[in-house]
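Thank you all for making the time this morning.

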Amino acid sequence: MYKVMKYWLMKSEPEAFSIDDLERSPKKTTCWDGVRNYQARNFMREMEIADQVFFYHSSTDPSCIVGIAEVVRKAYPDHTALDPEDKHYDPKSTNANPIWEMIDIKLVRKFDHPLTIEELRDVTGLEKMELLRKGSRLSVQPVRPEEWKIVVGLADRKVKSKKK
DNA sequence: GCCAACGTTGGC
DNA sequence: GCCAACGTTGGC
């Protein structure tokens with residue numbers, strides 16, 4: 001059965017886990033643990049193998065989309081929610097009902113020139129992008145195909161940040 | 001460091 | 001079920 005390729009964006013604070021950390025990981029692959037937001041989890045449940053993901057560095061200066069990864073494993077229980085020693089432990093989560101899930105992603109490529117949130121705000125066609133919505137805090141979010149195309153185009157043309 | 005914009009919790 | 005209080009995210 002034909003499946004439509006889906007596009008996503010996932011945020012990470014580079015101090016916690018950066019795209020360079022992903023590049024250094026075995027097989028350039030990591031599990032995306034620690035998501036504790038239902039909306040974000042539900043988006044991860046929708047992910048299929050080979051879906052494409054923007055890797056975004058948040059809470060840094062400047063915050064930017066730094067590259068592309070792809071989904072290599074569908075949603076499965078996040079074991080860190082079950083471990084009382086873990087920072088992301090959630091007592092509501094049990095083996096019978098894990099509640100929280102994660103996916104695996106693999107690095108596709110790093111952008112030569114990361115796209116800052118500042119320059120993305122000025123781009124025609126990205127006005128409705130979830131990342132740019134005021135007050136948006138979703139750490140896992142869908143990206144429209146047309147938005148994906150625009151952003152990748154910008155990265156490929158190596159457009160640098162304009163001075164205001 | 002500030003604070004807007006959330007999501008969650010818990011008393012009622 | 002309402003909503004105030006609280007905690008968190010993340011741009012600035």
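This is a predicted model: local features need pLDDT of at least 70, side-chain atom pairs count only at pLDDT 80 or more; totals for chains, interfaces and linings use all residues.

Residues are numbered from 1 along each chain as its sequence is written, chains are lettered from A and ligands numbered from 1 in the order in which they are written, and side-chain values use heavy atoms, with hydrogens and water left out.

The strand in question is β3, which covers residues 52-57; helices (H or I, at least four residues) and strands (E, at least two) are DSSP runs, numbered from the N terminus. In β3, 6 of the 6 residues are buried, so the strand is largely enclosed by the rest of the structure, where buried means under 20% relative accessible area, exposed over 50%, and partly exposed in between, with a 1.4 Å probe and protein chains only. In a regular strand the side chains alternate between the two faces of the sheet. Here Q52, F54 and Y56 point one way, whereas V53, F55 and H57 point the other way.

What does Q52 touch, leaving aside residues up to four places away in sequence? Its contacts (heavy atoms within 4.5 Å) are M5, K6, Y7, W8, I68, A69, E70, V108 and W148, and Q52 itself has a relative accessible area of 14%.

Turning to the partners, and counting two strands as paired if DSSP finds at least two bridges between them, β1 (residues 7-12) runs parallel to β3 and is joined to it by 6 bridges, with K11 bridged to Y56. On β4 (64-77), the pairing with β3 is antiparallel, again over 6 bridges, and F55 stands opposite G67.

β3 and β4 form a hairpin with 6 residues between them. Most residues other than glycine have a negative phi, and most peptide bonds are trans. In this turn, however, S59 has a positive phi of about 50° and is exposed at 58% relative accessible area, while the peptide bond from D61 to P62 is cis, with omega near -5°.

Finally, K27, in the loop between α1 (19-24) and β2 (29-31), also has a positive phi, of about 60°, and is exposed, with a relative accessible area of 74%.
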